[in-house]
Amino acid sequence: MTIKPLKLPIPDQVRPRRALLSVFDKEGLVPFAKELQNHGILLVSSGGTATHLRKAGLDVADVADITKAPPILGGRVKTLHPAIHGGILARQNAETDMEDLAKHGIEPFDLVVVNLYPFTEAIQRPYVDDAIAAENIDIGGPAMIRAAAKNFVYVTVVTSPDEYPTILDSLNDTNGHLHLSLRRQLAHSAFSKTAAYDRAIAAYFKGALDKSLPCQLDLHLSRTSVLRYGENPHQEAAFYGNPEEFFTKLHGKNLSYNNLIDLDAALALIQEFMDEDPTIAILKHTNPCGVSSADTLVQAWDRAFATDRQSPFGGIVVMNQACTLALAKAIDPVFLELVIAPSFDEDALAWLQKKKNRRLIQFKPTPNSTYQLRRALGGILCQTTDPLAGDDPLTTVTDRTPTESELRDLIFAWRVAKHVKSNAIVYAKERQTLGIGAGQMSRIDASEIAVSKGAKSELSFEGCVVASDAFFPFPDGLLAAADSGAVAAVQPGGSIRDDKVIAAANECKMAMIFTGKRHFRH
């Protein structure tokens, strides 16, 4: 059935004469309601909201007097009544609607002020159960909000104390009237809130049922900031989400589109080393160009920078411990877009703030994320998150078992390789990257680039280890690593030619471990 709308004139300005107030959050309600009364607006309310207003000396009509029905079911049913919803939904320029109101003795509402039970806050309590969750699901509130927002042509809906000043400013500036543009804006806000509210409820029940990929993916992210441009200056860009959950910018210009992508990559990598010795990673275009763990952050920086002395210019550095003054002075000569740390010593922060173009970022422990999302073909690809590489099982598949120091380097290199674009090859020794080959069409090419990078820095590959993010499909990749000086290798395994690759490793007296997991980064 097609519903045909009535063709009615749309009023640009509406003078509210009757307001319905029903709120859980009573912050700022009393002064707001007093100002409404000063504009000659009749107040209608119920329950705790009416009691709160009357205690402040305000004259408030009770919903029960209008509906001629008392609240029932412990207050669950108060406003779900034709006398309320008829007054909200009536099209005040429609003769038939006004005839219906007159016939049933219903007065229209012009202003509806409603906010909802705090469902999201309730389910975060440590002792929450289904009974508590269900009791905090608002029914009447969303019904009134949606009805008022649907009828925005005649009714103004207010869903947050933050919106009170806007309403009062408009009433004062326009002699007690509210503009259509404001009513439309508040209707958008109202539907956004009820949509987010329903999504939170659905997510609660979904979480109680299972942890699998959702059959329906709901995304509701507010625009946090408009960025100067996207990947390139001719592209527009904005950020949607809650960045404050992940980091705080302490100094420098606003982050760009590319900065945010690099920051995300840096935080993912450093999570692999949060429980390790002082660790530094230098990244460029989301790829690590040097990583090291050492006894101090300064040593880790020197060793990470030694991997590739050209690429860090304009890159970013991330560390797993508080940034010290000694480290601040060590990195100062290099132009870095971002310096990222879990915290900064006071003197280090003061030192680094001397350069205005350097952005200083303090990151927070990464919240647990269930899914990773990526746009493709006009839709969204969704996958579960890739766990830390350090937790992968390790199985020796060669005649020779890695020594203790080799094993430590293999685990280090494996963690780094997970965060290098595929095809990825990482050479490392004494928990220092010697060469990193990223994003190549063949694993041999990646290996050659990694060795070339190390050679430019005059680093010795003798006695090093090599990590490959996916299996070696042929022995040639492993043999090339052996020729470069590698004595041990780590890879996921799983090739139909694993036996040939293992045999090649044995011939070279290399130790090799399989992880059983690959870590592609496309």
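Predicted model: local features only at pLDDT ≥ 70, side-chain atom pairs only at ≥ 80, totals over all residues.
Residues are numbered from 1 along each chain as its sequence is written, and side-chain values use heavy atoms, with hydrogens and water left out.

We begin with the cysteines. A disulfide is a covalent bond between the sulfur atoms of two cysteines; here the term denotes a pair of cysteine sulfur atoms within 2.5 Å. The structure holds zero disulfides. Cysteine 289, for example, is in no disulfide, and the nearest cysteine sulfur, which belongs to cysteine 323, is 17 Å away. Cysteine 289 counts as buried because its relative accessibility is 9%. (Buried means under 20% relative accessible area, exposed over 50%, and partly exposed in between, with a 1.4 Å probe and protein chains only.) For cysteine 464, the closest cysteine sulfur is that of cysteine 508, and the 13 Å between the two sulfurs is too far for a bond. Cysteine 464 is also buried, with a relative accessible area of 0%.

The backbone comes next. Helices (H or I, at least four residues) and strands (E, at least two) are DSSP runs, numbered from the N terminus. In the loop between helix 15 (404-417) and strand 19 (425-429) lies asparagine 423. A cis peptide bond, with omega of about -10°, joins serine 422 to asparagine 423.

Although arginine 431 is not a glycine, its phi is positive, at about 55°. With a relative accessibility of 13%, arginine 431 counts as buried. Threonine 286, likewise not a glycine, has a positive phi of about 75°. Its place is the loop between strand 11 (279-284) and strand 12 (287-293). Threonine 286 counts as buried because its relative accessibility is 11%.

Leu217, Leu219, Leu373 and Ile380 make a nonpolar surface patch of about 340 Å². Patches are made of residues with over 30% relative accessible area and no salt bridge; like charges are joined within 9 Å, and nonpolar side chains (Val, Leu, Ile, Met, Phe, Trp, Tyr) within 5 Å. A salt bridge is a side-chain nitrogen of Lys or Arg within 4 Å of a carboxyl oxygen of Asp or Glu. Leucine 217 sits in the loop between helix 10 (180-209) and strand 8 (223-227). With a relative accessible area of 34%, leucine 217 is partly exposed.

How values were computed
Areas by Shrake-Rupley, 256 points an atom, 1.4 Å probe, with all protein chains shown as cover.
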